[in-house]
Amino acid sequence: MSGAGGARTDDPALCDACAGPPSRPRPARRAARATALLALVLLLAGGAATGCGGRATTHHKPGTSHEQATGSVGTLLTAADGTGHRLREVPAEGAPEVQLTARPDSEDGWNLQLTVRNFRFTPDSTGGAALPGAGHAHLELDGRKLARLYGPWFHLPAAQVPEGAHTLTVRLYADDHTAWAVSGKPVEGTAPLTATAQATPGGHSHGGTPPPPAQPPAAPEADRTVTITVREGKVSPAPARTELRRGERVALRVTSDRADTLHVHGYDKELALPAGQEATLVLTADRPGLFEVETHESDLVLTQLLVR
């Protein structure tokens, strides 16, 4: 550079000061850039694994793993049980087990007890992914489904059991409605059941001293009554919304020309529908929302409960 009077100055210190701080060598810049990229990759990977809240990302509910959320428990077989539900094979060691006991009720029908091992009932997650050792049960009479069970006890009314000898079966299912299975066979328990006729036409007893004549059942108390008929796969009246105020009791009176099961979504209420007989389910609309009422076997929507 030129100094005063045009004289050239070649002082290295002066040149470096004018040029500012020395630039970082290229190898150092490359190393810094690689370190920054690595940190960014690790940050993104951690976010994908834990999600926004720091928990494992799931499609089911917080706190379960991704493997559970995708339902990769056991092996899903192409074979199905007698009702069309696919089998979910698990090793025999630690597999769910169930035993069924039927005891006569002192007033009507039978009290059924399900004794389970390596299994828990999870009504709050029904319809979600299969979780190890969890789910619900189906109750069948001679191969015909009567109800879905969400706990170890169930009362079976005598009116649902024809006179004669029968076989009750309970089968365990995962939350996604696949049937738990070991060695290609569903996990289930059975119990014999015999219904004998009473002196009163249409009644049943369990042997021994016949009970007194049955009195006509009292009409269920309800604020609203919805009467529905199912015939040849058609619902009458046509499915519509039934509006209810929160806290009201509604009676669903359903007559189906074929045996089926009534299910109220959201409330997890079920009712067996004997062929050609009227059945009534009374529930309290204690939660707001829109809830479908449907049949399990024929897969028909009967009505929608709109609770405000």
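The protein chain contains three helices and 22 strands; both are DSSP runs numbered from the N terminus, helices being H or I with at least four residues and strands E with at least two. This is a predicted model, in which local features need pLDDT of at least 70 and side-chain atom pairs count only at pLDDT 80 or more, while totals for chains, interfaces and linings use all residues. Residues are numbered from 1 along each chain as its sequence is written, and side-chain values use heavy atoms, with hydrogens and water left out.

Let me turn to confidence. The pLDDT, which is the predictor's confidence in each residue on a scale from 0 to 100, averages 77 over the protein chain, and 69% of the residues score at least 70.

Now to the chain as a whole. Of its 308 residues, 34% count as buried, where buried means under 20% relative accessible area, exposed means over 50%, and partly exposed lies in between, with a 1.4 Å probe and protein chains only. Among contacts between residues at least 6 apart in sequence, 57% join residues at least 24 apart.

An open sheet of three strands has the order 3-4-8 and antiparallel pairing, two strands being paired if DSSP finds at least two bridges between them. Which strands stand at the edges? They are strand 3, residues 97-104, and strand 8, residues 153-156; each has a single partner strand, so one side of each is left without a neighbour in the sheet. From one strand to the next the twist averages 20°, with axes as lines fitted to C-alpha atoms, for helices over the stretch in contact, and angles running from 0 to 180 degrees between N-to-C directions. Strand 4, residues 110-117, is joined to strand 8 by four bridges, and Leu-112 stands opposite Phe-154 of strand 8.

A single residue next. His-138 is found in strand 6, residues 134-141. Is His-138 buried or exposed? With a relative accessible area of 2%, His-138 is buried. Leaving aside neighbours within four places in sequence, the contacts of His-138 include His-85, Lys-145, Arg-148, Arg-171 and Tyr-173.

Finally, the aromatic residues. A search of the whole structure finds two aromatic pairs; rings of Phe, Tyr and Trp (its six-membered ring) pair if their centres lie within 6.5 Å, with planes under 30 degrees apart counted as stacked, over 60 as edge-to-face and the rest as tilted. The rings of Phe-119 and Phe-121 have centres 5.3 Å apart and planes at 90°, so this pair is edge-to-face. Phe-119 is buried, at 11% relative accessible area, and Phe-121 is buried, at 18%. The rings of Tyr-267 and Phe-291 have centres 4.8 Å apart and planes at 65°, so this pair is edge-to-face. Tyr-267 lies in the loop between strand 18 (260-264) and strand 19 (269-273) and Phe-291 in strand 21 (residues 289-295), so the pair ties together parts that are 24 residues apart in sequence. Tyr-267 is buried, with a relative accessible area of 10%, and Phe-291 is buried, with a value of 10%. Arg-287 lies over the face of Tyr-267, at 4.9 Å from the ring centre; a charge sits over a ring if NZ of Lys or CZ of Arg is within 6 Å of the ring centre and within 35 degrees of the ring normal.

Definitions and conventions
Contact = heavy atoms within 4.5 Å.
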